Amino acid sequence: MEGFIRVSPKELNLSLTLVCGQCFRWKRRSKKDNVWFGIIFNHVFELTQNINSLKVNHGDDGDSVDSSIHWKLLNSSNNKTGKAAKRKKLSQDDISNLLSDYFQLQVPLVDYYDKWSKIDSNFNSKGCQLPGIRILRQDPIENLFSFICSSNNNIPRISMMVDSLCSTYGQQLFDDHEFGTIYNFPSISRLCEDGVESKLRSLSFGYRAKFIHQAAKTIMSNDAKNPEKWLFNLRNECYEKAHSQLMSLPGVGAKVADCVCLMSLDKHDAIPVDTHVWKIALNDYLPHLKKNKTMTDKSYKEIGNFFRSHFGPYAGWAHSVLFTADLAKFKKLLE
DNA sequence: CCTTTACCTACATC
DNA sequence: AGATGTAGGTAAA
């Protein structure tokens, strides 16, 4: 099954959104084209944003045929058991809604870019060159465990680790001619199994192996009947509650908790302060923090509060544009 | 409250 | 070549 979703490249730049470090399992088909291969919950997709729509400035021509993203659903996701097997087959509208939800298309990004550019010349210069960066609404389970892997780590290695989590403990979804067998993200219950830590250590997860296993067991202890539900339910709690609950998990500090709040729990003003954001804050916004030798709990909170008061309720989205501009692979583009 | 240190590994750099 | 530093941090002292 395939179809289109109508969205202008300024509202959603697919490539920038998928490679800016918020997710780790989207892959490009080849370097030439602009076809992306990835998984949204249990659905395997190919997504293509028309190259012309990125190169040509259509102005206010919102009806251009180029202003769309082509999607192709590669698996029928009917290999389930029990209730799920009886679920009605997905229609084109269902897929449109799924993608709309994943890309949070209800958020008027261009309006926000305009607003942020007006109040902040630093954002203005970077935002012009990095349009269409959206925060995805990810699966909280995958989001959480991916970012437990992210500590003191680099993006290529994090991607490898997430892939190996899926192929070791996930369920088979699809056989791809290029990427081979594709698995979904493991359930909490599988990550609780005996031997997970040593298995992950043998897969070169290092000290994160223990965090993953322990975090899964802690989540399981919160609600053994439906461990995933506990995490999803944080979407209904306020930011402070969700953040503190996440921080009760081993391997989850303030930064990882903010990543999960922002990227899968609908907390649009959560600000993950990592080394990049720390540097940005010192250089461009809060120079008095330069007196600190390292980031403290207090300065962490000060930076988050500053971004929230400066950019407003979608501060986390603004922050991700500035963060992306600071990533090494985008620096060249901005010089 | 702030600072330091150990923790795993792959890869870049000197 | 082998040491050193770094990559989206966390927890413990």
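The domain assignment of chain A gives domain 1 (2-106), domain 2 (110-133 + 271-335) and domain 3 (136-267), with bounds that come from an automatic or database domain assignment. The structure is a predicted model, in which local features need pLDDT of at least 70, side-chain atom pairs count only at pLDDT 80 or more, and totals for chains, interfaces and linings use all residues. Residues are numbered from 1 along each chain as its sequence is written, chains are lettered from A and ligands numbered from 1 in the order in which they are written, and side-chain values use heavy atoms, with hydrogens and water left out.

The C-alpha centres of domain 2 and domain 3 lie 26 Å apart. Domain 2 gives 10 residues to the contact and domain 3 gives seven residues, where contact means heavy atoms within 4.5 Å. About 650 Å² is buried between domain 2 and domain 3, and carbon and sulfur atoms give 72% of this area; buried area is the accessible area (1.4 Å probe) that two parts lose on being put together, summed over both. Of the area that domain 2 buries against domain 3, Pro272, Tyr300 and Arg308 supply 51%, more than any other three residues.

Between domain 2 and domain 3, the count of salt bridges is zero, a salt bridge being a side-chain nitrogen of Lys or Arg within 4 Å of a carboxyl oxygen of Asp or Glu. Two residue pairs are in polar contact between domain 2 and domain 3, both at pLDDT 80 or more. A polar contact is a pair of N or O atoms within 3.5 Å; within protein, one must be able to donate a hydrogen and the other to accept it, and residues adjacent in sequence count only if both atoms are side-chain atoms. On the side of domain 2 that touches domain 3, helix 16 (297-311) and helix 17 (315-326) each supply at least two residues. Helix 17 gives the largest share of that side, three residues. Helices (H or I, at least four residues) and strands (E, at least two) are DSSP runs, numbered from the N terminus. By class, this side of domain 2 has five nonpolar, two polar and three charged residues; Ala, Val, Leu, Ile, Met, Phe, Trp, Tyr, Cys and Pro count as nonpolar, Asp, Glu, Lys and Arg as charged, and the others, Gly among them, as polar.

The residues around DNA strand B include Asn152, Arg157, Arg201, Tyr207 and Lys298, a residue being near a molecule or strand if one of its heavy atoms lies within 4 Å of it. Of the atoms of DNA strand B within 4 Å of the protein, 61% belong to sugar or phosphate and the rest to bases. The surface near DNA strand B has one nonpolar, five polar and four charged residues.

Around DNA strand C there are 21 residues, of which Gly21, Asn152, Gly251, Gly253 and Asp274 come nearest. Sugar or phosphate accounts for 53% of the atoms of DNA strand C within 4 Å of the protein, and bases for the rest.

A search of the whole structure finds 14 salt bridges. In one salt bridge, the side chains of Asp176 and Arg29 meet at 2.7 Å, N to O. Asp176 is in strand 6 (residues 172-176) and Arg29 is in the loop between strand 2 (27-28) and strand 3 (35-40), 147 residues apart.
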